[in-house]
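Thanks for coming, everyone. Please have the viewer open while I talk. I'll keep this short.

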Amino acid sequence: MSVISQLSEKPWLPNTAPDQQTLNSFDQQFGEKKTALKFFLGIVTVIFSLFIVTFLERSQFPDFQALAGQPWQPLSDARQLWVNTALLLISGLALQSAAVGARKNKTLCTLLSLGIAVLFSLQFLLAQLWVWQDLAALGYFVASNPANSYFYLFTGIHGLHILGGLCVLAAITFKATRIAINNTKPCWQNLEASLRLCTTYWHYLFGVWMVLFALMTSSAETYQLLAALCGF
Amino acid sequence: MSYTAIADQPDELHDPGSFITRYIWSQDHKVIAIQYAVTAIMVGLVALMLSGLMRLQLGFPDTFDFITPSSYLQFVTMHGMIMVIYLLTALLLGGFGNYLIPLMIGARDMVFPYLNMLSFWMYLLSVIVLMSSFFVSGGPTGAGWTLYPPQAILEGTPGYDGGILLMLISLAIFIIAFTMGGLNYVTTIIQARTHGMTLMRMPLSIWGIFVATILGLLAFPALLVSAIMMLFDKLLGTSFFMPAIVSLGETLEYSGGSPVLFQHLFWFFGHPEVYIVALPAFGMVSDVLSVHARKNIFGYRMMVWAIVAIGGLSFIVWAHHMYVSGMNPVFGFFFATTTLIIAVPTALKVYNWVLTLWRGNIRLTVPMLFAIGFIFTFTHGGLTGLFLGNVVIDLPLSDTYFVVAHFHMVMGVSPIMVLFAAIYHWFPLVTGRMLHTGMGKFHFWMTFLGTYAIYLPMHYLGFLGVPRRYFSMGSTDFIPESAQSLNASITVSALIVGVVQLIFIYNIIWSLRNGKKAPANPWEASSLEWQTPQVPPAHGNWGPTLPEVHRWAYDYCVPGSVEDFTPQNVPISQTNMSEGEGEGISDHELTDKDDKQ
């Protein structure tokens, strides 16, 4: 039933309520978590959108020096960031595989995929720290230029979101290990639901990372164009 | 056709086994609501005391040595921030949202009770962090509640060191707490409504809380983003908001940042915040008016659509707070237009409240008095908003007492009138006792007339050009002597109104023990929260089975009905119709699927 037709109901008349379907406990709980996740992703989208808008505005000030675009700028060679991207992608795909494994009750596949997802996510975070270290070694400190400040800010906030997800993933891995020991089917169903939500979150954060990556490795001319489109 | 997911799992409900899990680490939405409410009221009393101190200085300058220019600015800042965020937002959504949502939609609890509990404890932590700023070196920040950089983090502003840091950290914690609670509220409303509770059968209180929560979830991130960036500027020396600047004769290392950028971010949160406070108040006052006028709310659908429209429009009016900030003047035209547009659904709501009262069987109970008082104060504050929304009128009035009068009437006094109405209305449900009516009426008249004695003269001070946030006016030619007399009169009124609130607190404490025992449905309301098997509702709210909803929440004095009101959970077939009317209605009922079954 569409939102518009729901909002057009005349509740003061009798018999305006359509039939309802009662879902079972599992479907209801999954639905609740899915709804909450959708709203949460909406909030995260607002946070990153606002950061990006301020970045575009700030990029038009004369003291802003882009981190890419010219050969001597550190992110013109973005190989290190591509490696990190691959790490995050692999962890997302591993989570997807864990969810499929849980659906088919394949214990080994689920556990192995979960392990890979956790490992590669941690690796991604460490690799991001490595990029920070490299930039600092080159003299690109957080306060030396607004472009640097934004690089540390974007990667830091994105990393914190991954870290939050990892906490949830750690709890799921713990649960999965216990289920594997006891091997109970309904629990696999619950786990599959959690893994599906985690996978959505991971894919979403991968998408955010791709946007941030593209933004931070763009040239000053690109910023100028984007800022002009935003009206700055 | 299915459209909602509901299932009753009383067995799965968290069980409060011990005293601690029942009353302290409680996951019960009712206990969490009371925890939120008590904390918010306590911290609100601190903010009330701060306003009293400010008024003492303004009314009787050079009299109180302990109020210095710095401490005055700190009082202003903390008063504003506490009232807007830590009292109004927390009490309306954390308090009333938590209490009313599950009861009004027929759920046993919030869908994520543990997260709900964490939300309160995070909120309490944010309050503790904020209050601790009174005790750090330099005291709390005195940057004004808007915390504008560059002055907020520069030497010379009170609390520029520890005070501002604690404020920003406290805000960040509050936002995390709100997000935890907010996700619960929206998910519960979307996913956990009982059988028959369609979206359009929800009481307007729930609609107000629902849309306000969505606004909060989308607007608070802007405050979080600006707080994080300002923390970077303060702690790491970045220049997001800080321009090149010479402070106290010293050239600072900042360069190129944009203070106006902060203002945009702040007001992108700040204006929706007005509606985060106002929309739940709109919803609750609608319900109180309807119950005590014994009439259905006039134009229910329009009221719902207006809430949704106001929610949407509130995101495109923010820069009317920034006409004098130096932003592109072309923006002024756009934001003045959107501001006038948002006045349309808002005015529509006011008309509908008045039309609900029209020819109603009005019971002048204490909640009703406060609700009617709200219509006055809100109309008053709303009309002055039309002045300030227009660029040419705003420019001379900006940063004067006219603005102070406007926003206190519209988002200070008005939501607080609704909060009082709501507390008097739902207190019997929460405690099983009635509040004392005599004390309540005294409280209403003193508060209502008192607030007019405070804020009406402030409009005139604003017309004279008396600036806000000034510790002392000094010798200023354009401000006549009489302005000072007016200020003294305002202070006396403010102090009286402040003291009267203690009578309200006393009434609550006295009534908890000595109040008249409340009947199950003392106001004869038809909404679901009053139909629980026990009053106050027990853990799990509804006994062995969830209620089933058969009608909307506003069946009062329905033509042909014998009863003055019909609760939402009474089936259509059981409606008591007078002779001659029953047959006609039962024809309708024959088509009712529930009844056929």
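This is a predicted model: local features need pLDDT of at least 70, side-chain atom pairs count only at pLDDT 80 or more; totals for chains, interfaces and linings use all residues.

Now look at chain B. Its mean pLDDT is 92. Of its residues, 94% reach 70 or more. Where in chain B is confidence highest, and where is it lowest? The highest is helix α3 of chain B, residues 69-105, at a mean of 98. The lowest is helix α16 of chain B, residues 593-596, at a mean of 39.

Over residues 1-6 of chain B, pLDDT stays under 50. The model has 23 contacts beyond four places in sequence for that stretch. Residues 582-597 of chain B also stay under 50. For these residues, the model has 20 contacts beyond four places in sequence.

Next, the domains. Chain B is divided into domain 1 (15-195), domain 2 (364-518) and domain 3 (519-597). Take domain 2 and domain 3 of chain B: their C-alpha centres lie 38 Å apart. Eight residues from domain 2 of chain B and seven residues from domain 3 of chain B make the contact. What is the domain 2 side made of? On the side of domain 2 of chain B that touches domain 3 of chain B, five residues are nonpolar, three are polar and none is charged.

Now switch to chain A and find helix α4, residues 107-137. How far apart should the ends of this helix be? It has 31 residues, and at 1.5 Å a residue they should span 45 Å. The end C-alpha atoms of helix α4 of chain A are 45 Å apart, so the two agree.

Which residues of α4(A) are buried? Among them are T110(A), S113(A), L114(A), A117(A), F120(A), S121(A), F124(A) and L125(A). Why do steps of three or four matter? An α-helix has 3.6 residues a turn, so residues three or four places apart point the same way. The buried residues of α4(A) pack against α3 (79-103) and α5 (146-182) of chain A. After α4(A) comes G139(A), with a positive phi, near 95°.

Last stop: T155(A), in helix α5 of chain A. Is T155(A) buried or exposed? T155(A) counts as buried, because it has 22 C-beta neighbours inside 10 Å, and the cut-off is 20 or more. T155(A) and L125(A) are 30 residues apart along the chain, yet their C-alpha atoms are separated by 9.4 Å.

Conventions: Residues are numbered from 1 along each chain as its sequence is written. Chains are lettered from A and ligands numbered from 1 in the order in which they are written. pLDDT is the predictor's confidence in each residue, from 0 to 100. Helices (H or I, at least four residues) and strands (E, at least two) are DSSP runs, numbered from the N terminus. Two residues are in contact if their C-beta atoms, placed from the backbone, lie within 7 Å. Domain bounds come from an automatic or database domain assignment. Ala, Val, Leu, Ile, Met, Phe, Trp, Tyr, Cys and Pro count as nonpolar, Asp, Glu, Lys and Arg as charged, and the others, Gly among them, as polar. The expected span of a helix is 1.5 Å times one less than its number of residues. A residue is buried if 20 or more other C-beta atoms lie within 10 Å of its own, exposed if 12 or fewer, and partly exposed in between; C-beta atoms are placed from the backbone.
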